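Below are some comments for a colleague who will work with this model. They cover surface, cavity, charged pairs, backbone and selected distances, one topic at a time.

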Amino acid sequence: VSTQSTGGVTRNNSALYKNIKSMKVKVLNRDDSLFTRSRSTDIQKRFKNIQPELHPFEKAREYKRALNSAKLEKVFAKPYIGDLSGHYDGVYCMARHHTNLTWLLSGSCSGEIRMWDSSTRKCVADWDSHNGFVRGITYSWSGDRVYSCGSDKLIHLWDLPSSVTGIIRSDTVKTKLQPKTTWMTNNALQAIDHQRKSSLFVTVSANVVNVWDPERSEAVQTLTWGDDTLNTIRFNPIDTHIIAGTSEDRGITLYDIRGNTPIKKLIMEMRSNSLSWNPMEAFNFTFGNEDHNAYTFDMRNLDTAKLVHTDHVSAILAIDYSPTGQEFVTGSYDKTMRIFKSDQSRSRDLYHTKRMQRIFCVLYSGDSNYIFTGSDDTNIRIWKTNASRNLCNNHPRQIEKTNYETALLDRYKDFPEIKSIKRRYVPHKIKKINATKTIIKQSQRRKKDNLRRHRRAGTVPIEKEKEKHIVKTVT
């Protein structure tokens, strides 16, 4: 019996073993490195099940976090950093270096040029360059030369020796410079700009655009269109053979130096004072106009504007794009500076001070974190691009938290409570002018609607905002 019993047990065990071998068993397997701290000072790792059924109040928590982020952003919004003082007259033009983030040039209405180290906010070189206004200033592409032009009909080339660049790095004393080369023109100069990755530079005087080579004594190219004075000129930073300029006849003209000829001309209802190319989108440029608006155009289609940027209450005198191409800043006769997203028509922020006067020039820093403004009160002011940004070196977890809060604010930005918190303080004078402009626009719109209602259909067409300020396009 025992033998049979033993044999039966053996046969049963072998069958059970076969069943177990084909069975699938789920087990918990944890790697210690995933949930164990490597140091006692590290933060405990937490695991979360992201299934939405387990988190019914997720939206409410997110909204509360967005609300707190908006409040804290307004509390810590202190955009003004400091100023660069030393000029004896209004600051009319500025230029940044292509590779060095701290080098800054400024020219004033007294004919003085100053070179600044923006990291220490000190002037490291200054010299008298022109008898009258310094109308334009720019670095050469090599970075060791400076070109300036003024209302005295002169173009100066300032060769910065190694001693001066050494002074800029060590920040010790000031140095007086003498021009290496000088060119004379027939009329007062209005602006100057340098071509990327080349030695050519361009100037405007009266109605003439001159392209210069520093190795020659005369302009290598001369371009004209019309008889009115040009006041701004800019090289396209991507398609470097294209030049855009604004003129007193309310025109914006495009030139191509490869064909030595103008391409197109756009005529607006009012004069444009400044122009800037988008450094990331080769075809797009934005200009500031006397009608208080900035217009973004695609140079391939000048019949309609891509965007109309509003909010200023007086003429826009200066404009500059961020090196990232995502934002641009405008300076106005109304003594305020506004920051616009390149794809939005309303400004995202407004900067002003009680003592700041009319803003003649604005400039982004090379890393897009700071903005420089030169105004009629002889000062250059330094602002943060993001008013509530912490300028210290942040821990990666702090950066991640900041990015999360930014994403939350972007998601809930249209909620009334969030919008009311994010609204910036606007000076009383600007607010009153805005209210008056609103009444005028409503009255004009009401008049058009009444005409359209009481006249034959089609006789009073509906004008688009992007087209109604354009007079014509000439090719």
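Helices here are DSSP runs of H or I with at least four residues, and strands are E runs of at least two, both numbered from the N terminus. The model is a predicted one.

1. Surface patch. Helix H3 spans residues 58-75, and Leu 72 belongs to this helix. Together with Val 75 and Phe 76, Leu 72 makes a nonpolar surface patch of about 300 Å². The relative accessibility of Leu 72 is 42%, so this residue counts as partly exposed, the partly exposed class lying between the 20% limit for buried and the 50% limit for exposed.

2. Cavity. How many cavities of 30 Å³ or more are there? The count is 1. The largest cavity holds about 50 Å³ of space. Its lining includes Arg 96, His 97 and Asn 100, then Leu 101, Thr 102, Trp 103 and Leu 104. Ser 118, Ser 365, Gly 366 and Phe 372 also line the largest cavity. By class, the lining has 4 nonpolar, 6 polar and 1 charged residues.

3. Arg 96 and Asp 320. Arg 96, one of the residues that line the cavity, also takes part in a salt bridge with Asp 320, at 3.6 Å from N to O. This pair links distant parts of the chain: Arg 96 sits in strand E2 (residues 91-96) and Asp 320 in strand E22 (residues 316-321), 224 residues apart. Which of the two partners is buried, and which is partly exposed? Asp 320 counts as buried because its relative accessibility is 12%. Arg 96 has a relative accessible area of 27% and is therefore partly exposed.

4. Other salt bridges. The count for the model is 22 salt bridges. Side chains of opposite charge can pair when their charged atoms come close. In the pair Glu 112 and Arg 114, the closest N and O atoms are 3.1 Å apart, and both residues are buried. Arg 358 and Asp 376 meet in a salt bridge at 3.2 Å, N to O. Arg 358 counts as partly exposed because its relative accessibility is 28%. Asp 376, with a relative accessible area of 29%, is partly exposed as well.

5. Network. Which residues are linked in a network of salt bridges? Glu 327, Lys 341, Arg 348, Asp 349 and Arg 424 are.

6. Positive phi. Most residues other than glycine have a negative phi. Asn 260 has a positive phi, near 55°. Asn 260 is placed in the loop between strand E16 (251-256) and strand E17 (261-268). Its relative accessible area is 40%, so Asn 260 is partly exposed. Asp 311, also not a glycine, has a positive phi of about 125°. Asp 311 is found in the loop between strand E21 (307-309) and E22. Is Asp 311 buried or exposed? Asp 311 counts as buried because its relative accessibility is 13%, with the limit for buried set at under 20%.

7. Ser 119 is in the loop between strand E4 (112-117) and strand E5 (122-128). With a relative accessible area of 53%, Ser 119 is exposed, since that class begins over 50%. From C-alpha to C-alpha, Ser 119 and Trp 103 are 8.6 Å apart in space and 16 residues apart in sequence. Trp 103 is among the residues that line the largest cavity.

8. Phe 201 and Phe 235. Phe 201 lies in strand E11 (residues 201-205). Phe 201 is buried because its relative accessible area is 0%. Phe 201 and Phe 235 are 34 residues apart in sequence, and their C-alpha atoms are 8.8 Å apart in space.

9. Glu 281 and Lys 78. The loop between strand E18 (272-277) and strand E19 (284-289) contains Glu 281. At 38% relative accessibility, Glu 281 counts as partly exposed. What distance separates the C-alpha atoms of Glu 281 and Lys 78? They are separated by 31 Å, the two residues being 203 residues apart along the chain.

How values were computed
Residues numbered from 1 in each chain as written. Predicted model: local features only at pLDDT ≥ 70, side-chain atom pairs only at ≥ 80, totals over all residues. Heavy atoms only, no water. Patch = residues over 30% accessible without salt bridge, like charges linked within 9 Å, V, L, I, M, F, W, Y side chains within 5 Å. Areas by Shrake-Rupley, 256 points an atom, 1.4 Å probe, with all protein chains shown as cover. Salt bridge = Lys/Arg side-chain N within 4 Å of Asp/Glu carboxyl O. Buried < 20%, exposed > 50% of the residue type's maximum accessible area, 1.4 Å probe, protein only. 1 Å grid on protein atoms, 1.4 Å probe; cavity = no way out; pocket = protein on both sides within 12 Å on 5 of 7 lines; lining within 4 Å. Points joined across faces, edges and corners; volume = space filled by probe spheres on them. Nonpolar A, V, L, I, M, F, W, Y, C, P; charged D, E, K, R; others polar.
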